[in-house]
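Subject: A structure for you to explore

Hi there,

Here is the structure I promised to pass on to you. Have a look at it first, and then read my notes below.

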Amino acid sequence: MTSIELLGPVRVLQDGKELALGSARQRAVLAVLASHAGQVVSRDAIIRAVWGEPEPASAASNLHSYVSGLRRVLRTEVESAPSGYVLRVGKDQLDVGRVERLYWRGKAARCPKEAEEALTAALALWRGDALQKVPGPWADAERRRLAERRLQVLEELYRVKLRRGAHLELIAELEHLVRMHPGRDVFVELLMTALALADRRAEALALYREIRNPAPALRRLQAMVLAGEEVYVESA
């Protein structure tokens, strides 16, 4: 079975063996097709995604060469269409597709153990920054989108862990995340919640005072901490 991985260096595994994918731009073409698996992607769209605008005069011929190279590796999975190309793989053959399935399964799960298992499995699919060394404007934008998705998975996982009472073991990790992602209120909210649950309310309030424009969820949490009320983890 073929597996295509974008969450790190782009690679293709066939029955567990990594295949040679060629140049960085050939990998970029594969990544664009993989992100639209099962859909026809026009030649013009691929060229804009990989080379940007204005496109070089050689882009069309190079695209043809790269697709030919991918066909030699992937054989039947890459097909031609009247206006472009399509990669015939299922979403579960893509690590990005598996992340989405696991993320939404985790969010929908009523059982905390099941939710934690799904979200932990989703995070484990990242092997580093997505689309490493893949050139082009599409890859730049997709890297940012996938980095954001990873943070969303992480946020949801910490919500689940806080709900099951793991606040003491999470405080140090959340302090690190707050430092690493300044301006991301969700991590501040989760850290404030963990501190309050650990009966460290003064530290939770001190953390709140460092926020210039707190989001509504943070303001609600601060009011609960000030009032001495029992705090709870809000849904995303």
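Let's start with Trp51, which counts as buried because its relative accessibility is 13% (buried means under 20% relative accessible area, exposed over 50%, and partly exposed in between, with a 1.4 Å probe and protein chains only).

Before going further, a word on the source: this is a predicted model, where local features need pLDDT of at least 70, side-chain atom pairs count only at pLDDT 80 or more, and totals for chains, interfaces and linings use all residues. Residues are numbered from 1 along each chain as its sequence is written, and side-chain values use heavy atoms, with hydrogens and water left out.

**Aromatic rings**

How many aromatic pairs does the structure hold? There are 2. Rings of Phe, Tyr and Trp (its six-membered ring) pair if their centres lie within 6.5 Å; planes under 30 degrees apart count as stacked, over 60 as edge-to-face and the rest as tilted. Trp51 and Tyr66 have ring centres 6.1 Å apart and planes at 15°, so this pair is stacked. Trp51 belongs to helix H2 (residues 43–51) and Tyr66 to helix H3 (residues 59–74), so the pair ties together parts that are 15 residues apart in sequence. Helices (H or I, at least four residues) and strands (E, at least two) are DSSP runs, numbered from the N terminus. Tyr66 is buried too, with a relative accessible area of 17%.

The rings of Tyr103 and Trp104 are edge-to-face, because their centres are 5.0 Å apart and their planes stand at 65°.

Arg43 lies over Tyr85, at 4.9 Å from the ring centre, and Lys161 lies over Tyr158, at 5.8 Å from the ring centre.

Strands of a sheet pair through backbone hydrogen bonds, either parallel or antiparallel. Here, two strands pair if DSSP finds at least two bridges between them.

S1 and S2 are joined by 4 bridges, and Thr2 has Gln14 as its bridge partner in S2. Their hairpin has 5 residues between the strands, and Gly8 there takes a positive phi near 145°. S2 (residues 11–14) is joined to S3 by 2 bridges, with Leu13 facing its bridge partner Glu18. Which way do the residues of S1 point? Thr2 and Ile4 point one way, Ser3 and Glu5 the other way, and all are buried.

**The sheet of S4, S6 and S5**

Another open sheet of 3 antiparallel strands has the order S4-S6-S5. S4 and S5 are its edges, each with a single partner strand, so one side of each is left without a neighbour in the sheet. Strand S4 (residues 41–42) pairs with strand S6 (residues 84–87) over 2 bridges, and strand S5 (residues 78–80) pairs with S6 over 3 bridges. Tyr85 of S6 stands opposite Val41 and also opposite Ser80. Glu79 has Val86 as its bridge partner, and the hairpin of S5 and S6 has 3 residues between them.

Look at Glu77 as well, in the loop between H3 and S5. Glu77 is buried, with a relative accessible area of 13%. Leaving aside neighbours within four places in sequence, Glu77 is in contact (heavy atoms within 4.5 Å) with Thr2, Gln14, Val86, Leu87, Arg88 and Val89.

**Helix H7**

Finally, helix H7 (residues 167–180) has 14 residues and should span 20 Å at 1.5 Å a residue; its end C-alpha atoms are 19 Å apart, which agrees. The expected span is 1.5 Å times one less than the number of residues. H7 bends by about 30° at Glu173, where the bend is the angle between axes fitted to the seven residues ending there and the seven starting there. Its buried residues include Leu170, Leu174 and Leu177, and what covers the buried residues includes helix H6 (137–163) and helix H8 (185–197).

Enjoy exploring!

Methods:
Lys NZ or Arg CZ within 6 Å of the ring centre and 35° of its normal.
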